[in-house]
Amino acid sequence: MSDLNQCTITGRLGADVEIRRTQDGKPIANLRVASSETWRDRNSGERKEKTEWFNVVIFSEGLCKVAEQYLKKGSHVLLQGKIATRKWQDQSGNDRYSTELVLQGFDAKLIMLDGPSGERQSKPQRDQSSYDDYDEPKGQGQAANFSRDLDDDVPFLMEWR
């Protein structure tokens, strides 16, 4: 079985999206995302908070367009990509390393958790047409169709060697 490099985070942008372009004009988006967790201290009852900051690089052209057009400082997002560490040199010639969440390829995801206007949605919006067959059964016929879809010979987990 091969290994898996996949990371999913939710958080808020700490700054506006920074867009750079390659020599051939393709966009690259850089984001700084803060992911915070809160809890109550068992002993004092005091509310505690811890924030982790993530550097995110988006190479996918479509996701760059969405980020550039709709995201701004404070936007709440879910990001899924791969963790990558790159080596670079600072102005003094010293080697430096940066670990980033990279969104590239078919499995990269960017989901806006607030609407495009930045307002928090009460519940996520979805394209109803692609889910109609899988909503709660409205009648016996639809429930039968759903169970028939699940009754096939394809296993849920396959291992390639």
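Buried means under 20% relative accessible area, exposed over 50%, and partly exposed in between, with a 1.4 Å probe and protein chains only. By that scale Trp 53 is partly exposed, because its relative accessible area is 44%. The model is a predicted one, in which local features need pLDDT of at least 70 and side-chain atom pairs count only at pLDDT 80 or more, while totals for chains, interfaces and linings use all residues. Residues are numbered from 1 along each chain as its sequence is written, and side-chain values use heavy atoms, with hydrogens and water left out.

Trp 53 sits in strand β4; strands (E, at least two residues) and helices (H or I, at least four) are DSSP runs numbered from the N terminus. Leaving aside neighbours within four places in sequence, Trp 53 is in contact (heavy atoms within 4.5 Å) with Gly 14, Arg 32, Val 33 and Ala 34. Its C-alpha atom is separated by 9.7 Å from that of Arg 12, 41 residues apart along the chain.

Strand β5 (residues 76–89) runs antiparallel to β1 (residues 7–13), and 6 bridges join them. Two strands pair if DSSP finds at least two bridges between them. Within β5, Gln 80 stands opposite Thr 8, and Gln 80 also stands opposite Lys 109 in β7. The pairing of β5 with β7 is antiparallel over 4 bridges. Strand β6 is antiparallel to β5 as well, joined by 8 bridges, and Arg 86 has Ser 98 in β6 as its bridge partner. β5 and β6 form a hairpin with 5 residues between them, and Gly 93 in the turn has a positive phi of about 85 degrees.

Asp 114 lies in the loop between β7 (109–112) and α2 (140–150). This residue is buried, because its relative accessible area is 7%. A polar atom of the Asp 114 side chain lies 2.9 Å from the backbone nitrogen of His 76.

What volume does the largest pocket have? The value is about 230 Å³, the space filled by probe spheres set on grid points that are joined across faces, edges and corners. A pocket is an open set of points on a 1 Å grid over the protein atoms alone where a 1.4 Å probe fits, with protein on both sides within 12 Å along at least five of seven lines; lining residues have an atom within 4 Å of a point. Of the 15 lining residues, Glu 18, Asn 30, Leu 31, Asn 55 and Val 56 lie nearest the centre. β3 gives the most to this lining, with 4 residues.

Note on methods. Polar contact = N/O pair within 3.5 Å; in protein donor to acceptor, adjacent residues only side chain to side chain.
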